[in-house]
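This report describes one protein model for a reader who has not seen it before. The sequence and structure come first.

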Amino acid sequence: MATVRPLGSLGRLRFRAVERDALLRFDETSLGAFTSTRRWSETPNQLAALGVGVPLRGVVMVVHLDGVAHLEGLYVRAAAQGRGFGSSLLEAAAEAASAAGSPSLTVSTYEEVSFNAPWYRQRGFDDLPSSAFGPELAALVAEERAGGLHDDASRVILIRRLD
Ligand SMILES: CC(C)(COP(=O)(O)OP(=O)(O)OC[C@H]1O[C@@H](n2cnc3c(N)ncnc32)[C@H](O)[C@@H]1OP(=O)(O)O)[C@@H](O)C(=O)NCCC(=O)NCCS
């Protein structure tokens with residue numbers, strides 16, 4: 001497992017650059033990549049911001065939604081994918097969430113993109129039905145829907161229990 005560390009201020013500045021590069025992977029799909037337009041400093045309820053690699057190859061941001069940890073973004077530079085960086089970041093995010101007292105970790109992702117829902121399902125995630133959404137998670141889904149996601153049910157919310 002690669003060493004994951006908290007992102008300092010420079011790493012946080014580079015977060016969006018890593019995100020943009022990682023999303024080149026979506027060129028191989030028929031779907032548009034979903035990018036948040038929020039800047040780091042504007043993202044509320046941050047729980048953890050972690051990075052991996054020198055130079056920086058991957059980043060993850062975890063926030064609180066309804067008091068539960070949620071993966072706001074997980075990105076590995078396109079040229080560095082498939083080498084375990086994403087898995088290391090995910091495990092570190094789960095550890096940070098658990099240490100912060102969260103019982104679980106959620107993520108909003110594409111069902112049919114190989115490196116999205118199938119990737120998470122191989123790593124302990126299952127479906128979270130909409131009846132179990134808290135108000136903040138429901139608001140996030142509504143925000144994504146307004147941005148054109150969820151229209152064709154291709155977007156799913158997954159959850160991994162941490163206890
Ligand atoms: C999802 C993501 C973070 C995974 O990072 P990663 O460093 O490639 O992850 P890993 O190397 O730990 O695992 C990659 C897996 O995909 C497989 N894989 C297959 N083809 C691959 C390819 N062309 N490139 C990379 N991985 C590939 C790897 O073999 C590995 O398989 P495994 O699940 O059997 O172990 C990365 O693909 C990414 O940044 N994607 C774009 C952004 C994105 O979709 N983020 C998630 C949003 S919810």
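## Helix α2 and its surroundings

The buried residues of α2 pack against the strands β1 (4–6), β2 (46–52), β3, β4, β5 and β7 (155–161). Helices (H or I, at least four residues) and strands (E, at least two) are DSSP runs, numbered from the N terminus. A residue is buried if 20 or more other C-beta atoms lie within 10 Å of its own, with C-beta atoms placed from the backbone. Two residues are in contact if their C-beta atoms, placed from the backbone, lie within 7 Å.

This is a predicted model, in which local features need pLDDT of at least 70 and side-chain atom pairs count only at pLDDT 80 or more, while totals for chains, interfaces and linings use all residues. Residues are numbered from 1 along each chain as its sequence is written.

The buried residues in α2 are F85, G86, S88, L89, L90, A92, A93, A94, A96 and A97. With 15 residues, α2 reaches 21 Å from its first C-alpha to its last, close to the 21 Å expected at 1.5 Å a residue; the expected span is 1.5 Å times one less than the number of residues. Just after α2, G101 has a positive phi of about 90°.

## The nonpolar core

A nonpolar core is a set of buried Ala, Val, Leu, Ile, Met, Phe, Trp, Tyr and Cys residues joined through C-beta atoms within 7 Å. The largest one has 40 residues, of which L50, V60, V62, L89 and A93 touch the most other members. Helix α2 (residues 85–99) gives this core its largest share, eight residues.

Leaving aside residues up to four places away in sequence, A93 touches A48, L50, V60, V62, L71 and L105.

## Helix α1

Helix α1 (residues 9–22) contains a kink of about 35° centred on F15, where the bend is the angle between axes fitted to the seven residues ending there and the seven starting there. F15 is also buried, as are V18 and A22 in α1. The cover over the buried residues of α1 includes β3 (58–65) and β4.

## Around the ligand

Of the 19 residues around the ligand, A22, Q81, G82, G86 and S87 come nearest. At least two residues of this shell are supplied by each of β4 (68–76), α2 and β5 (104–110).

## The whole protein

The protein has four helices and seven strands. Buried residues make up 35% of its 163 residues.

Note on methods
A residue is buried if 20 or more other C-beta atoms lie within 10 Å of its own, exposed if 12 or fewer, and partly exposed in between; C-beta atoms are placed from the backbone. A residue is near a molecule or strand if its C-beta atom, placed from the backbone, lies within 6 Å of it.
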